[in-house]
Amino acid sequence: MRDEYLLAALRMGAGADPVPEGVSAAARAVFHLRVPGGVPAGPVDLAAPPGARSSPASGTSSGTSSGTDAAAGEPGAAGAGDESWRPAAADDRDTPAHVRRFSAAGLVIDLETTIAGGRMEVAGQVSPAPGPDARIEVRTPHVGKVRVLSETGHFAVTGLPPGWVSVVCHRPGRPPVFTRWLRVRP
């Protein structure tokens, strides 16, 4: 530990140099985003369909275009080379849809994110379907929307602000499974 950090810690501990309120508020906000007792779902490779532009054989790079970035790296570059990411077919949306797959605790969570009309849409499927009492929570740093899963494990949320998103699958009597934070941008 460097001396200036130690001195700063001692000043804060003695109450002589209070932590700025903005820093405390940011720390509380980040702490609120935790999933206590949750199981993090890791990314799973998705094979690109033959002939798709996202195929590595096409010579295009999926992670350098606009779309979705994983929270594990630098924004704008984290998706590069990540095989769990691939763009879906484009339509009249602001950005092409991006599909990611995560897996943990016997669950697979497929996510499709896109921006339409300046708002983020998240659709997906949890498989195997975790049961009738399971619910899915689609979270941004400021908004969380909860949905009951269909019998086949499908869900959808629209109208979210573009930016960071994470999905949590809550199952009765079992620990929740959550995805990493993804950045969805126009």
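Reply: The cut-offs are under 20% relative accessible area for buried and over 50% for exposed, with partly exposed in between (1.4 Å probe, protein chains only). One caveat: this is a predicted model, so local features need pLDDT of at least 70 and side-chain atom pairs count only at pLDDT 80 or more, while totals for chains, interfaces and linings use all residues. Residues are numbered from 1 along each chain as its sequence is written, and side-chain values use heavy atoms, with hydrogens and water left out.

Me: Where is Ala29 found?

Reply: Ala29 is in helix α2, residues 21-32. Helices here are DSSP runs of H or I with at least four residues, strands are runs of E with at least two, and both are numbered from the N terminus.

Me: How many helices and strands does the chain come to?

Reply: 2 helices and 13 strands. The chain has 186 residues, and 33% of them are buried.

Me: What about contacts between residues at least 6 apart in sequence, what share join residues at least 24 apart?

Reply: That share is 54%. Contact means heavy atoms within 4.5 Å.

Me: OK, strand β10. Is Val157 buried or exposed?

Reply: Val157 counts as buried, because its relative accessibility is 1%. Val157 lies in β10, residues 154-160. Leaving out residues up to four places away in sequence, Val157 touches Met120, Glu121, Val122, Val138, Lys145 and Arg147. For Arg147, the C-alpha distance to Val157 is 7.9 Å, at 10 residues apart in sequence.

Me: And Thr158, what does that one touch?

Reply: With the sequence neighbours up to four places away left out, Thr158 touches Met120, Glu121 and Lys145. Thr158 is also in strand β10, and at 45% relative accessibility it counts as partly exposed. The C-alpha atoms of Thr158 and Met120 are 6.2 Å apart, though 38 residues separate them along the chain.

Me: Switching to charges. How many salt bridges does the structure hold?

Reply: There are 2. The test is a side-chain nitrogen of Lys or Arg within 4 Å of a carboxyl oxygen of Asp or Glu. Side chains of opposite charge can pair when their charged atoms come close.

Me: Which residues pair up with Glu21 and Arg101?

Reply: Glu21 pairs with Arg28, and their closest N and O atoms are 2.7 Å apart. Arg101 pairs with Asp110 at 2.5 Å, N to O. As for accessibility, Glu21 is exposed at 52%, Arg101 is partly exposed at 27%, and Asp110 counts as buried at 16%.

Me: Which ring does the charged end of Arg34 sit over?

Reply: The ring of Phe31, at 3.9 Å from its centre. To count, NZ of Lys or CZ of Arg has to be within 6 Å of the ring centre and within 35 degrees of the ring normal.

Me: Which residues form the nonpolar patch?

Reply: Leu6, Leu7 and Leu10, with about 280 Å² of accessible area together. Patch members have over 30% relative accessible area and no salt bridge; like charges are joined within 9 Å, nonpolar side chains (Val, Leu, Ile, Met, Phe, Trp, Tyr) within 5 Å. Leu10 is part of helix α1, residues 3-14.

Terms used: Accessible areas come from the Shrake-Rupley method with a 1.4 Å probe; for residues, only the protein chains shown count as cover.
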